[in-house]
Amino acid sequence: MSAAAHATSAPFAPGDRVRVRTAFPPGHVRTPHYCRGHEGVVERLCGHFPNPEELAYGRVPTAPCALYRVRFPQRALWPDYAGPAADSVEIELFDHWLEAVE
Amino acid sequence: MSQSPKDPGDVRGAIEAGRRHHDMGGRDAGPVDRSQHAHDPWENKTDAILRLLADPARGPVMRIDELRRGIEEMGPGIYDELSYYERWIASIATILMEKGVLTADEIGRKIEDVRARHADAPPRREGFGGGTR
Amino acid sequence: MSPHDGPHDHGAHDHPHPNQPDLEDAPLAYYPAMADAVAELLIEKGVFTADDLRSTIDYMASRTPALGARLAARAWADPAFRARLLADSKAAAAELDIDTGPAPVLVMENTDAVHNVVVCTLCSCYPVFLLGKSPDWYKSRNYRSRVIRSPRAVLAEFGTVIDPAREVRVHDSTADMRYMILPRQPEGTEGWPEDKLAALITRDALIGVCEVTAG
């Protein structure tokens with residue numbers, strides 16, 4: 001896929017259910033450990049940004065990545081969460097960390 | 001999914017869980033201490049150095065992502081021991097050495113110079129004794 | 001900000017600090033010396049000038065929570081401005097000649113249904129162009145670790161009790177966005193002039209750990 005196509009490609013839309021990949025790569029990663037493997041809902045597309053996992057090592061990727069804000073119920077992240085069921089967390093997550101929930 | 005240990009000092013447990021030390025959301029910790037220190041001039045200087053180096057008009061010379069990576073690579077003991085801007089200047093120096101902008105030798109010699117000048121003429125206290133600049 | 005008369009100015013300070021004891025004959029601590037060393041070397045090599053450094057220090061010192069408070073006060077006073085601020089904070093702030101900085105800032109509105117609060121669990125991302133340098137507690141392990149999982153307990157430590165009927169929404173500032181909270185306007189302040197409204201709005205309310213009161 002060309003860089004231009006990447007710049008506009010956004011596989012997920014607001015309202016889509018997504019799961020954060022359960023992955024533990026070495027290096028500089030902007031996906032918090034606590035959300036990996038959990039399901040949430042896409043709140044919005046923030047835009048396209050160069051992958052920080054590459055920038056951190058001085059490389060400038062040619063294709064920017066789609067960056068989303070994903071909302072998680074607190075009780076999904078922490079089964080013992082004692083507060084109201086509506087309480088939530090929103091996290092910025094890059095496309096390559098998300099998979100569709102069927 | 002690997003469970004991360006509750007004890008923040010359990011470094012091996014965190015490694016086996018795939019969680020790095022700076023990635024602390026959801027860990028056990030104590031009450032929030034709201035006391036505030038006033039920023040020293042060297043902290044403001046460190047902040048400005050990074051902003052100048054990260055300015056796209058200069059390349060950029062280094063990116064915020066590199067600053068963060070340098071901080072994360074300090075490891076658990078140093079990360080917690082250093083203050084916020086101590087982590088920044090340590091990481092800035094490391095990244096500038098990696099990139100060949102500065103060498104370890106020149107930084108080491110310059111630190112000696114700076115300390116020698118400081119010892120010869122310590123900065124005077126502002127607003128004290130009427131002799132301020 | 002005191003005047004800086006050169007890139008080598010150590011200034012002086014009248015408060016205790018663990019990294020730089022306030023004793024005139026104390027040796028310069030290691031990292032403060034490294035900051036001066038790195039700055040001098042970068043100036044000698046022409047990466048930037050002493051003027052660049054001085055003006056950047058001064059510009060960043062001009063960034064204070066009063067800027068965020070002005071935006072929030074205007075949003076309270078002018079619903080059309082509030083809509084523009086929530087949709088595109090950079091453009092809305094430019095109407096007031098306020099620079100939001102290089103990173104996009106998302107303004108999250110507190111309502112009767114939702115209370116928002118910001119953290120950066122991975123480092124300490126913060127809307128520095130609108131609020132100035134972040135407070136020490138924002139960068140602390142205790143805040144970064146706990147507010148994501150126990151937000152109501154942490155807010156209570158700030159004296160903030162959120163009604164269980166309202167959702168508490170924690171924003172983890174993990175990537176390229178920065179966040180500022182638009183607090184709820186306190187009852188009884190409708191029609192107040194903007195400068196009087198802005199004086200009510202604290203830094204902590206713009207981070208979301210407090211609410212604004214008219215008292």
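Contact means heavy atoms within 4.5 Å. I use that cut-off throughout these entries.

**Entry: ground rules**

The model is predicted, so I noted that local features need pLDDT of at least 70 and side-chain atom pairs count only at pLDDT 80 or more, while totals for chains, interfaces and linings use all residues. Residues are numbered from 1 along each chain as its sequence is written, chains are lettered from A and ligands numbered from 1 in the order in which they are written, and side-chain values use heavy atoms, with hydrogens and water left out.

**Entry: chain A**

I then listed the secondary structure, taking helices (H or I, at least four residues) and strands (E, at least two) as DSSP runs numbered from the N terminus. Chain A has three helices and five strands, in the sequence pattern α-β-β-α-β-α-β-β.

For burial I took under 20% relative accessible area as buried, over 50% as exposed and in between as partly exposed (1.4 Å probe, protein chains only). By that rule 47% of the 102 residues in chain A are buried. Accessible areas are from the Shrake-Rupley method with a 1.4 Å probe, and for residues only the protein chains shown count as cover. Chain A exposes about 4400 Å², and 56% of this is supplied by carbon and sulfur atoms.

**Entry: chain C**

I repeated the look-up for chain C. Its secondary structure comes to 10 helices and four strands, which run α-α-α-α-α-β-β-α-α-α-β-β-α-α along the sequence. Buried residues are 59% of the 215 in chain C. Of the contacts in chain C between residues at least 6 apart in sequence, 67% join residues at least 24 apart.

**Entry: chain A against chain C**

I counted 24 residues of chain A in contact with 26 residues of chain C. Buried area here is the accessible area (1.4 Å probe) that two parts lose on being put together, summed over both. Chains A and C bury about 2000 Å² between them, 49% of it on carbon and sulfur atoms. A:R30, A:W78 and A:E92 supply 28% of the area that chain A buries against chain C, more than any other three residues.

A salt bridge is a side-chain nitrogen of Lys or Arg within 4 Å of a carboxyl oxygen of Asp or Glu. I found three salt bridges between chain A and chain C. One salt bridge joins the side chains of A:D87 and C:R152 (2.8 Å, N to O). On the side of chain A that touches chain C, the elements giving two or more residues are β2 (39-49), β3 (65-73) and β4 (88-94) of chain A. The largest share, six residues, comes from β4(A).

**Entry: chain C against chain B**

I found 70 residues of chain C and 63 residues of chain B in this contact. Together chain C and chain B bury about 6300 Å², with 58% of it on carbon and sulfur atoms. The rule gives eight salt bridges across this interface. I looked up the one between the side chains of C:E40 and B:K110 (3.5 Å, N to O). At least two residues each on the side of chain C that touches chain B come from α1 (30-44), α2 (50-61), α6, α7 (141-146) and α8 (151-157) of chain C. α1(C) gives the most to that side, with 14 residues.

**Entry: two loop residues of chain C**

I looked up C:P104 in the loop between α5 (89-95) and β1 (105-109) of chain C. C:P104 has a relative accessible area of 33%, so I logged it as partly exposed. Not counting residues up to four places away in sequence, C:P104 touches A:F49, C:D176, C:M177 and C:R178. From C:P104 to C:S89 the distance is 7.9 Å in space, C-alpha to C-alpha, and 15 residues in sequence.

C:S124 lies in the loop between β2 (114-119) and α6 (128-131) of chain C. Its relative accessible area is 7%, so I logged C:S124 as buried. Leaving aside neighbours within four places in sequence, I found C:S124 in contact with B:Y84, C:Y138, C:K139 and C:R144.
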